[in-house]
Structure formats: structure tokens, C-alpha cells
Amino acid sequence: MRKKINPFLKSNNDTGFGNNASAQAGRFINKDGSFNVVKEGISAFDGVSIYHKLLTMPAWEFILIILTCFLAINTVFTCIYLLMPDSEITGVISNNFFEHFAELFFFSAQTFTTVGYGRINPVGVLGGFTASLEALMGLLNFSIVTGLLYGRFSRPKSYLRFSKQALISPYQDMKALMFRFVSYKHDHNLSNVEVVVTLGLTIQENGNDVFKFYSLPLERNRVDNLVMNWTVVHPINEQSPVYGYTAEDMKNADAEIYVMVRGFDEIFSNTVLQRTSYTYSEIIYNARFEKMYEESEDQSTTILHLSKLNSYKNLS
């Protein structure tokens, strides 16, 4: 049974997720902030932005692609050099096929990078033309890679980490929904930080299951500077869409909390944004977060323990 919700609460129709519960599966937002949507019905070429993909993919994937492209291009040119008459390339001393291939591969790599050590060199027109074409391709490729590296390093990031769980904790004379996050880089703090929290619930409307979103009022939705950790608190009072909800009610309603944090990065003079979400299975009832900070022994500074971001204790 769907638990009834306060009919006077106004739903948020501006989330972009729609409200057809039967057409949606899984969570809306992944833990890393990406949207849990797969787009189909369009060609792979039109559906993928290569530049955006190369800028946003993990570093190990980017390095792997660069190395793979480097090896593939040099292997292709090595095969071209192997097919040429011996009169086109001079300086090759190996008669064994594998050593011959290795020599030409290294010659290709030297040409591609414009190093050119000099023992092996083209002497014919065909060899010279091919080596010139490879050198040009090498210059173009390294220009592209340099731009991508600069784009990856210069792209503003929020550098935020969120607690793995959200908690239902005692708060004043009621309970509250809480989660927390922190800026984890040294000497990297955001200013004018705002947080928006939206709750998605499946409810009964005219006999149909409808997924609706509700903006959650927060104890505080903005701070001037994010220096310490920030515990975001939504008081569960009569104006809350989850007032009176139990863990079973949250499960039946397929509840998901959508979090969006926006702040100003003073280093890049740009606004950064990060998203995450919590599903009903990631909400712990009757628990409290443990304190993350303390005074230093000489009482001269404050120590923030990032390792305690996910630490909480059960109260029952």
C-alpha cells in the first residue's frame, strides 16, 4: 500500500525527470552525480561527443586511449614501411623479421615524434613522402593531446565528497533527514555554496502510480564558505512529504533523494556543480553522525578528520 501524503504539499515539476513511474527503473541519479539514463534511437556518431568524452573520462581510460592510439598509428606506418622496396629506407641492419619489424617500428615512433635519431632514414620518394606524412600526423596528434591535457587539468571541479548514507536522526523535538559533505582538497574551498534537495516518491493519484518530486525545506540551504563539513538537515515536521514515514513506507514509495550542490570556485573564478543521490536503501533510521572535527593538542587550530565523513552511530 502507498502511504498517503499531505495533499496540500506542492510537488516540484521542474526536475526534468517526468512523473511516469511505470516507465522508469532504478535510481534517477547515480552516486557519482551522473544521470541514470541510457539514450537510444540515434547513431553512435551523433550520440557521442568525443571531445566531451575525452575531457570527462577517468584518467586511466584517457591514458590508455592515448597509448593505444600511439601504438596503433605506429604499427600501421611500420607495416607500410615493411611493404616498401628496400631502396626506399636505408639503415636497417636486421635480417630477422621480428627485429626488422622492431627497427622500423622505432623508426616510425621517432618520425611520429619528430625525434629522428638518424641511423634509419628514407632515401626514396615514396619513403620520404610517407615519413613526411607521418611527421605531420604526429604534430597534429600531439597538438590535440596537448589541448586535451590542458582542458582536463584546467576544468573547474567541485572536489566534494558526500556521506555514503543519509540518516534519520533526532533533531530538536522531532526527527530530521540528514546527510553531509565536505571539500576534501587542501587549500581548495568554495564560497557562496548552495544546496538543493529534492525527494522523489511514488504515490497513488487517481488510481495510478505517479512519481512526484518535492523540494525539501532545509534548516540551512546556503553557507558563505565551505571550510568545514556541512551537515544538511531537513526537519521532518507536518510540512515534510515524509512526515510519519517508516523505512517500509520509504521502500514502498521507492524514495530517492536528489542532491545538487553549487558553489563558486575562487581559484578558477567559476561556478562548479556536483550531484548525488540517496535511495531508500541508503537511508539509516535512528542514527547520528559522529563529529568530524576537533581542536589540535596545542589549541592553535582545528583538525578536520575526512576519514570520519561516513562515521555514524546507531541510537537504538
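The model is a predicted one. Its secondary structure comes to 6 helices and 16 strands, and 38% of its 316 residues count as buried.

**Overall form**

- The radius of gyration of the protein is 29 Å, whereas a compact globule of 316 residues would have one near 20 Å.
- Taken along the principal axes, the C-alpha atoms fill a box of roughly 90 × 65 × 35 Å.

**Salt bridges**

- The side chains of Arg119 and Glu103 meet at 2.7 Å, N to O.
- Arg119 sits in the loop between α4 and β2 while Glu103 belongs to helix α4, so this pair ties together parts that are 16 residues apart in sequence.
- Arg119 is partly exposed, at 47% relative accessible area, but Glu103 is buried, at 10%.
- Another salt bridge joins Glu194 to Arg262, with 3.9 Å between the closest N and O atoms.
- That pair links distant parts of the chain, since Glu194 is in strand β6 (residues 190–205) and Arg262 is in strand β10, 68 residues apart.
- Glu194 is partly exposed, with a relative accessible area of 35%, and Arg262 also counts as partly exposed, at 31%.
- Arg222 and Asp224 form a salt bridge too, their closest N and O atoms being 2.7 Å apart.
- In this pair, Arg222 is partly exposed with a relative accessible area of 35%, and Asp224 is partly exposed with 46%.

**Patches on the surface**

- A patch of positive charge gathers Arg155, Lys157, Arg161 and Lys185 on the surface.
- Arg155, one of these residues, lies in the loop between α5 (125–154) and β3 (160–162).
- The relative accessible area of Arg155 is 31%, which makes this residue partly exposed.
- A nonpolar patch on the surface is formed by Phe129, Leu133, Leu136 and Leu140, and together they have about 410 Å² of accessible area.
- Leu140 counts as exposed because its relative accessibility is 51%, and the cut-off for exposed is over 50%.

**Residues in loops**

- Ile120 has its place in the loop between α4 (97–112) and β2 (121–122).
- With 11% relative accessibility, Ile120 counts as buried, as buried means under 20%.
- Ile120 and Phe106 are 14 residues apart in sequence, and their C-alpha atoms are 9.5 Å apart in space.
- Asp254 is found in the loop between α6 (247–252) and β10 (256–265).
- The phi angle of Asp254 is near 50°, a positive value in a residue other than glycine.
- Asp254 is partly exposed, with 35% relative accessible area.
- Ser269 occupies the loop between β10 and β11 (270–279).
- Ser269 has a phi near 50°, again a positive value in a residue other than glycine.
- Ser269 is exposed, its relative accessible area being 53%.

How values were computed. Residues numbered from 1 in each chain as written. Predicted model: local features only at pLDDT ≥ 70, side-chain atom pairs only at ≥ 80, totals over all residues. Heavy atoms only, no water. Patch = residues over 30% accessible without salt bridge, like charges linked within 9 Å, V, L, I, M, F, W, Y side chains within 5 Å. Areas by Shrake-Rupley, 256 points an atom, 1.4 Å probe, with all protein chains shown as cover. Salt bridge = Lys/Arg side-chain N within 4 Å of Asp/Glu carboxyl O. Lys, Arg positive; Asp, Glu negative; His and termini not counted. Charge placed at Lys NZ, Arg CZ, Asp CG, Glu CD. Helix = DSSP H or I, 4+ residues; strand = E, 2+ residues; numbered from the N terminus. Buried < 20%, exposed > 50% of the residue type's maximum accessible area, 1.4 Å probe, protein only. Rg over C-alpha atoms; globule rule 2.2 N^0.38 Å.
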